[in-house]
Amino acid sequence: MTGRAAKATGVNDTFAIETFNLTKIFDGCLAVDGIDLAIKKGELFALLGPNGAGKTTTINMLCCLLKPTGGTARVMGYDINQEPYKIKEVIGVSPQETTLSERLNALENLNLIGRLHGISPRKLKTWSKLMLETMGLAERARDQVRKFSGGMKRRLNIALALIHNPQILFLDEPTLGLDPQARRAVRQYIARLNGDKTILLTTHYMDEADFLADRVGIMDEGKIAALGTSVELKTEMLATHTMVVQAWNLTQKVVNDMRSRYTQVAVDKGSMTISDQRLDFKEIVDQLHAAGAVVRSAHIKEPTLEDVFLKITGKGLRE
Amino acid sequence: MRFWQLSLRSFKETYRDPLALGFLLAFPLMFMLLFGAAFGGDTAPSYTIGVIDEDQTTVSQSFVSEALASVPTIEITTFTETNTALEQLELGDLRAYIVLPEGFGEQVLLSWQDGEADIALNITYDESDLMASEQIIASINTATRAFARIEIPVTINANPINIETEITNIDYIAPGIIIFGLLIMIPTSARIMLRDKENRFLSRLLTTPTRPWEFISSYSLSLVAIAITQIIVFILLGWLFGMDIVGSILLAFLIFLLTAICSIGVGMVIASLTKSENQGESLSWLFSMPLAIVSGVWFSVEFMPSYIQTLAHAFPFSHAVDAARAVITRGVGLEAVSGDLVFLAGWAAGIFILGTILFGRTMRS
């Protein structure tokens, strides 16, 4: 046990999840590289990262579906190596893939998972009804899951994670593959849970993390590359400002003129993106006018989490 | 050339699953090796024969200890009472017993001196296995002629016994066929768990606080229900084809049920060790088919070499075949098959403990 891992013996009531040098190696390939993370009770924490960054492996270790190669973690005070069944009693998991029994109907799936978590049939009846209504599946409650669309399966997948009213919710890409309407409904539901439950969410969607998460961790190559609130992370980007201008007559002369003044100038189909450490909105518009361009619209672009990720890792989130 | 592209895909998928490919190649190889080992060469079966020496002369004693003991196809057990030997024959522990009548030694001495004598032996045998009976009589005849140094066959007073009823082919074959049907529960059991593994539903179930033993028992319970239905159907079909259950039907049912539980347990172990339905099914067949052969489902185990017999007896299915045949064809009771039942129950318990341990290990990998 490492020095950090040794800390796991002391229980901290503030945190729902704590990891101590948590490491996973698959056949010599380092999937999770000694991460140290602390998620407070009631916090909605989003773990971002490209495919293969180690997000799902981290979740699987925290849900006791995978044994760590090194280090450890505590979930609601229980050690993942020592007390996996205690942890399973307090967590709800919505895996990335839809994991449903196709031959059971929606209600039967919910009842099965609920009963396995020890929920009484009476409570289950009420909760299942509520859950199916929330997820917009009430009318299809008695249909076999194999007849469901991908979106319906995904919603039921989330419902299964919630049926036993867990203290901690692991949502691995919960909105992946949903149509915009369903995605909005799921997001709103997750937002409603915020504060009531501790939620660890992994997602590809930056806006989702931005909208939902209290804090964001950016994972890359098995490591936590950046950690903080969305605002904190984006503030780090404020050292560089970006202005986007839509204009007519963006001639080569205009582009050359702007490039001589600012660090980065890119032009694409009547749109010019200017980046520099200091930007003055009025000054740029005047400079463009003076150079012969006709400005139709202009705005200072807010940095996004995608920008943060690009800056930190040098690659896009979907790579 | 779409078909070609699809064929190529299938070929690549098979080629890239080395374990499944290995099983595919190993399956026929294993069959050939097993059949070769079981029935190839000059392997002779070994039957347990009782001997009652009523003559009690030096000649009769040396006939037993030298002539009969050197016959490779038989193993001799001596008895003093005919009744005891008959009891053992009825229980199925003996295939036959020979009575050396008074004057046997005298007749042999005559034959040694003059070359002419009237040598007679009384053989009582279980006629439920006609092939074995004929072989036993022929072997004893040859051994006696060689010992007495005569060329003509000795007089064998054959006394076939049919303990309770007339045994038909179906009586002898049906128990083996039923056991074979229950052996096929191995791939079925493995498939049910592996389907959950492959479609990821098992990973959902693993996020609940369910313990390994609960998983194994839940899978098994549903399979036991299937097995019970299967056994009832098998017995009914056997009955329709003329199978006559001489002994207790409940005892036969218990033997079949324990066999089914053993098969299910083996299936659970295989499912815990493999990752895909393909792998699990191949391994299940690789295991169950050779086991069916060496367990005496189709051919008597006694025809196989001793090391194959030892291997067969390490598994529960040969015990199940023996016990089921004894109950169905000879009508023996609980006491006679209690050893086999204890072995079956012990094996069932052991395989379930092993399955639970293995499943527990794979739960977090």
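## Basis of the description

Helices (H or I, at least four residues) and strands (E, at least two) are DSSP runs numbered from the N terminus. The model is predicted: local features need pLDDT of at least 70, side-chain atom pairs count only at pLDDT 80 or more, and totals for chains, interfaces and linings use all residues. Residues are numbered from 1 along each chain as its sequence is written, while chains are lettered from A and ligands numbered from 1 in the order in which they are written.

## Helix 4 of chain A and its surroundings

Helix 4 of chain A is followed by A:Gly118, which has a positive phi near 80 degrees. The buried residues of this helix are A:Ala106, A:Leu107, A:Asn109, A:Leu110, A:Leu112, A:Ile113 and A:Gly114; a residue is buried if 20 or more other C-beta atoms, placed from the backbone, lie within 10 Å of its own, exposed if 12 or fewer, and partly exposed in between. Their cover includes helix 5 and helix 6 (150–162) of chain A.

A:Thr134 belongs to helix 5 (residues 121–134) of chain A. This threonine counts as partly exposed because it has 18 C-beta neighbours inside 10 Å. A:Thr134 and A:Val186 are separated by 52 residues in sequence, yet their C-alpha atoms are 9.1 Å apart.

## Positive phi in two loops of chain A

Two residues other than glycine also deserve mention. A:Met76, in the loop between strand 4 (70–75) and strand 5 (78–79) of chain A, has a positive phi near 50 degrees. A:Met76 counts as buried because 20 C-beta neighbours lie inside 10 Å.

A:Lys269 is placed in the loop between strand 12 (264–268) and strand 13 (271–276) of chain A, and its phi is positive at about 45 degrees. A:Lys269 is exposed, because 6 other C-beta atoms lie within 10 Å.

## The interface of chains A and B

The contact between the chains draws 18 residues from chain A and 12 residues from chain B, two residues being in contact if their C-beta atoms, placed from the backbone, lie within 7 Å. On the side of chain A, helix 3 (84–90) and helix 4 (106–116) each supply at least two residues, and helix 3 gives the most, with three residues. That side divides into 11 nonpolar, three polar and four charged residues. Here Ala, Val, Leu, Ile, Met, Phe, Trp, Tyr, Cys and Pro count as nonpolar, Asp, Glu, Lys and Arg as charged, and the others, Gly among them, as polar.

## Domains of chain B

Chain B is divided into domain 1 (47–161) and domain 2 (169–362), with bounds from an automatic or database domain assignment. The domain centres, taken over C-alpha atoms, are separated by 39 Å. Seven residues from domain 1 and eight residues from domain 2 make the contact. The domain 1 side comprises three nonpolar, two polar and two charged residues.

## Helix packing in chain B

Helix 8 (residues 185–198) and helix 10 (residues 212–240) of chain B have axes that come within 11 Å and cross at roughly 140 degrees; axes are lines fitted to C-alpha atoms, for helices over the stretch in contact, and angles run from 0 to 180 degrees between N-to-C directions. Helix 8 of chain B is therefore oblique to helix 10 of chain B, since angles under 35 degrees count as roughly parallel, over 145 as roughly antiparallel, 65 to 115 as roughly perpendicular and the rest as oblique. B:Met185, B:Ser189, B:Ile192 and B:Met193 of helix 8 meet B:Tyr219, B:Leu223 and B:Ala227 of helix 10. By class, this contact has six nonpolar, one polar and no charged residues.
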